Amino acid sequence: MAVVEVKELKKSFGPLEVLKRISFEVERNEVIAVIGPSGSGKSTMLRSLVHLEEVEGGTIAIQGENLVLNGQYAKAKHLKEITSKMGMVFQQFNLFPHLTVIQNLELAPKLVKQRAEEGYRKRAMDLLAKVGLSDKADVFPSKLSGGQKQRVAIARALMMNPEILLFDEPTSALDPELTGEVLDVMKELAKEHMTMIVVTHEMEFARDVADRVLFMDQGEIVEEGSPDELFGNPKKERTKAFLSRTMRNRSAE
Amino acid sequence: MSLDYLLTILKPMLEGAQATILLFIIAIIASIPLGFLLTLAVRSSIKPVAWLAHSYIYLMRGTPLLLQLLVIVFGLPLLPVVGDYLVLDRFVAACIGFILNYAAYFAEIFRGGLLAIDKGQYEAAQVLGLNRWQTTTKVVLPQMFRIALPAVANESVTLVKDTALLYAVAVPELLHFAQTAVNRDFTIVPFFVAALIYLLITMVLTLFFKWLERRMRFE
């Protein structure tokens, strides 16, 4: 059974249709890259999975449970249960600036999961070690580089033991020399078979790490396939045009 | 100018300063929480509540504090029927005036602090599973107070100086005793002494807020 099932998802901002009946599925342990030009609706699609955007129609099911069924949202409590299966990493990190790194990691589990406190400290330190920031536990986010902030944000999302991790352009706000350290952490997670949906402009990452790539344009999924198919032999004109545009920009850099 | 003279005028002036400081403390302790409640009211989804709070803030910020004090101390008792019940001790009446006025200013300061908090903070909290109350108390308010702190400090210093308005409603305070001494002794010295005492109070206040800002720097 697919862990994420999306059917006929519809959303507009005023007269602009941002999602035009989008459907796709994500299997357990799959890494999905979502690529496409700015304004193609890929962030909106991702954000609607965790109810940061409200859709007008369609169905979203997470592990078989309906978050939205034909445009009808689940009841508040159930909705919270469903979205709690997902973690999210934002383009702008969204760390809590008034809390230290370790407090950022521990805040939500302490408030939400009501378990003994000692467990959190150990898990937080383990996750910081995993993202290579053990020495930054007691530092405030303002003292970190962008790449370090994003790694903390990933660790913070992992604290809640999500079944699925969503990334909304995780490296777009970073200086080019800092994207590598974040992508490395993500590759590590992919190796551990974390189910991930990654909205990204990093074509190399999509090609090397993703199991499947979705290409979105103007609120539609134009084409999807394995990285080899989509990058090596794109079938649709729009895909070809987008890829040649991005590849040309890349070589011009 | 002798030291003896300074000591004689200092005693009543320091007594006056007590009224000044007492008013300051009462006003700040009451108007900050009240201002915060007003901020919440302004942002309320219940339209009449938000509208009332807006109008209140507009009224309090749009008219002189001196006028408000005069209304409360001398005006209200003149109202027909209820007036007799509104004759308050002048110091108490003045405190109420300051609290009502400063609450409006603090409300605006806190509102600014809330607006300065990035939407991403709410989104991160939501995705991590925090409910509204947890988001407000653990994520939003600590940041709001930090952002508002310099403006709160500034407003507090203004409040110290505004206490001199007690003079106009005939509550004996620091400036009142200075003026009395100037008239009686025909010298400018008491004014300077008053200025020094105000400076001392505002200096202590400024140092306190600087300390608080350093403690809350998040670095």
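Two strands are taken to pair if DSSP finds at least two bridges between them. The model examined here is predicted.

Strand E3 of chain A, residues 31–35, meets this criterion with strand E9 of chain A, residues 195–199: four bridges join them, in the parallel sense. Within this pair, A:Ala33 stands opposite A:Val198 of E9(A).

Both strands belong to an open sheet of six strands in chain A. The strand order is E7-E8-E9-E3-E10-E11, and the pairing is mixed. Strand E7 (86–89) and strand E11 (220–225) of chain A form the edges. Each has a single partner strand, so one side of each lacks a neighbour in the sheet. From one strand to the next, the twist averages 20°.

A:Lys149 was examined separately. This residue lies in helix H5 of chain A, which covers residues 146–159. A:Lys149 has a relative accessible area of 23%. Buried residues fall under 20% and exposed ones over 50%, so A:Lys149 counts as partly exposed. Leaving aside residues up to four places away in sequence, A:Lys149 touches A:Phe93, A:Leu95, A:Pro141 and A:Leu144. A:Lys149 and A:Val101 are 48 residues apart in sequence. In space, their C-alpha atoms are 8.9 Å apart.

Conventions:
Residues numbered from 1 in each chain as written. Chains lettered and ligands numbered in written order. Predicted model: local features only at pLDDT ≥ 70, side-chain atom pairs only at ≥ 80, totals over all residues. Heavy atoms only, no water. Helix = DSSP H or I, 4+ residues; strand = E, 2+ residues; numbered from the N terminus. Axes fitted to C-alpha atoms, helices over the stretch in contact; angles between N-to-C directions. Buried < 20%, exposed > 50% of the residue type's maximum accessible area, 1.4 Å probe, protein only. Contact = heavy atoms within 4.5 Å.
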